[in-house]
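Please keep the sequence and the structure in view while reading.

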Amino acid sequence: MKTLSSFGLTLFASALLFVATARPLHADTDCLSCHGDTTMQDANGKSVGVDANKFHGSIHGGLKCNDCHKDIHDYPHPDHPAAVQCETCHADEASAIAGSIHAKASTSVPGATGWKAHACTGCHGNAHEIVTKTDPNSTVYPLNIPKTCGGCHGDPAMAKKFHLPNVYALYIDSIHGFALGKEGLLVAANCTSCHGSHKILSHTDPQSSTYRTNIPGTCGSCHVGINEQYQKGVHGKAVAAGSTSAPVCTDCHTTHGIVEPTSAEFRMQSTPICGSCHRDKFSTYRDTFHSQLGLLGGYTETARCWDCHKAHEVLPTSDPNSPVNKANLIATCGRCHAGANASFVQYQPHANARNRRLNPALYYIRLFMNLLLASVLTFFMLHTVLWLVRSRLQQVKSKSSGEKNA
Amino acid sequence: MPEPTQATPAPAPEIVAAPAVAAPEKPRYFLRFTLGQRYLHGVLFTSFLVLAATGLMMRFSGSIWAIRFAKLVDGFGTILFFHKFCALVLTLAFIIHVREIVARGLFKREKGIFWGPTSMVANWKDVKDLFGHMRWFLGLGPKPKFERYAYWEKFDYWAVFWGMVVIGFSGYAMWFAPFFARFLPGWALNAALVIHSEEGLLAILFIFSIHFVNTHLRPDSFPMDMVIFTGRESEEEFKTRRPDEYKRMVAEGKSATRITDAPQPWLINFSRAVGFTAILIGLTLLVLTLSAYIAE
């Protein structure tokens, strides 16, 4: 008992000694006696009040005021205390953000220089009220992130001023935005899932998670199964081999406005996307009933590219695993055409009647039909015109001579 | 009941100012097409118009008007439904017609169905008429005296006949592709679309330009030849247009069996309304076809 009380005494003495050298400012007792008034403003009209309850509930609630406001030691304190340096503690985040597009923009985009002062609070909110990111009240809680980023990226005036794409609206209506905003799915992709948080880089930067060749990996961090299929397909292999022209996820699915892939909207919008590279296949596809049905609306279930070729695991026709390999055609066509047989699947969904080398039979049939059309029409056009002229002349003649046309 | 040739009234002068022979006789009317034939033509052109309109939308599915109209009628499903429905109607009309020909020609042994002046089958006179007509166009000879069906009318008939067989077969081959694939090679299905659309295009262009002008819009019948709707034509029209048939009818003494009443005013009005609507739709489709064809 004695030893314990003497230990207590020593502790108290050393605490006193510490106070004498650098007095810690206890929020409740010292600063909040003034700053606890939440309506308090400085000379410039800027709020300098702190909500005591919120501060104590915040993740920084256990800190002393001058742990952050380092140049304030006593009262009265300077009129213009130095800016708080978050990086003192959050060094990793600070260095990440220093290399990010947000930091770059603050120096390279005119008018964006004021951004740095809000580097942390811009996203994390009021410094005295920051809560942990797993707290639903946090501005960076997954469900709140789109709104937080959207504060700038969803503001049309801001978007216009800094030439930002107005991606917020696209995202909110997308399948990710729907899952997150309407259904409250924490696993649904929010802004940071793809872009990262502190070290957001331009999609033109090879280090960026949204750089072309990194996109399959980024999307694949959630869509693992799809990415596996994609990597087995010709597109995935080409991208892995360094191709920048082979399609990645976002080429077909778009980036922010991703829609449900089974929806009519997506079925219709995606075929021209495949066609933007596979032009010859697209033009022959458009000659067929498959395309015509879809184009006129209401019949979007007719075969689109990936219904036959698969969407992610696109394989060459020669590959026995390809659904359009000869051995698999009956099964593939049979998915829509009940009763498809060996003869039926000889139908060429990309036949080109204009190409004599590839489709000679079709070429000559078309040629014959065209010649028939041209000759019949030419003959009768001539016949009719001559007839018209002759009849009219006859009519005028008989009228002037008063006799009936004969 | 033979009729004396001289009993036919002198053609009434057209010009009102001309001195009229006291109270001109009422013109006589002759029946050219039976009610059944007129109905058949009605079914034929109604279904053809719908087939053409819906078919063109599929053929030129990328054109703005096709997409707009498709939206208006709630998409492709409706268009395809009407195309298939009218295809069935036209097939039925075709079968009824062929059945009638077979019944009359083969079973009743009716003369003149397969050969002779009243037949649709081309004969030597048609060849002579074609060249004679062309000579007349150029002012090198007299106008040929036509029989019941002139050569261009026979061409119209056989063009439609062949067209229905070709378009019909290729259409059904696509409609019931897996079934047809049991006895047709797969590439025939590719060919079916080419043939169907090209032959359809030919039919559309031919009917809406050549047939319309030859039959309805040329100066002699302008703006419309009503005989396919009313079935009747005046004696004067009959004599001018098909003098050989008229002569034969009189010679065979069959005038009385073909004589009929004048078309009722309601029938004339009704025919005009129907006919003009059809011609208007046809010409609109012709313009759309040509513009889409050129734009392609």
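## Terms and model

A residue is called buried when its relative accessible area is under 20%, exposed when it is over 50%, and partly exposed in between, using a 1.4 Å probe and protein chains only. The model is predicted, so local features need pLDDT of at least 70 and side-chain atom pairs count only at pLDDT 80 or more, whereas totals for chains, interfaces and linings use all residues. Residues are numbered from 1 along each chain as its sequence is written, chains are lettered from A and ligands numbered from 1 in the order in which they are written, and side-chain values use heavy atoms, with hydrogens and water left out.

## Where the chains meet

At the interface, 49 residues of chain A are in contact (heavy atoms within 4.5 Å) with 56 residues of chain B. The two chains bury about 4,700 Å² between them, 72% of it on carbon and sulfur atoms; this buried area is the accessible area, with a 1.4 Å probe, that two parts lose on being put together, summed over both. In chain A, the residues that lose the most area to chain B are L296(A), F380(A) and W387(A), which together account for 17% of what that side buries.

Across this interface the rule finds zero salt bridges, a salt bridge being a side-chain nitrogen of Lys or Arg within 4 Å of a carboxyl oxygen of Asp or Glu.

## Salt bridges in chain B

Side chains of opposite charge can pair when their charged atoms come close. One such pair is R32(B) and E153(B), whose closest N and O atoms are 3.6 Å apart. R32(B) lies in the loop between β1 (29-31) and α1 (35-59) of chain B, while E153(B) lies in helix α5 (residues 151-175) of chain B, so the pair ties together parts that are 121 residues apart in sequence; helices (H or I, at least four residues) and strands (E, at least two) are DSSP runs, numbered from the N terminus. R32(B) is buried at 4% relative accessibility, whereas E153(B) is partly exposed at 21%.

In a second pair, D225(B) and R241(B) form a salt bridge with their closest N and O atoms 3.0 Å apart. D225(B) is buried, with a relative accessible area of 13%, and R241(B) counts as partly exposed at 21%.

E245(B) is buried at 1% relative accessible area, and R242(B) is buried at 6%. Through salt bridges that share partners, R148(B), E233(B), R242(B), E245(B) and R258(B) are joined into one network.
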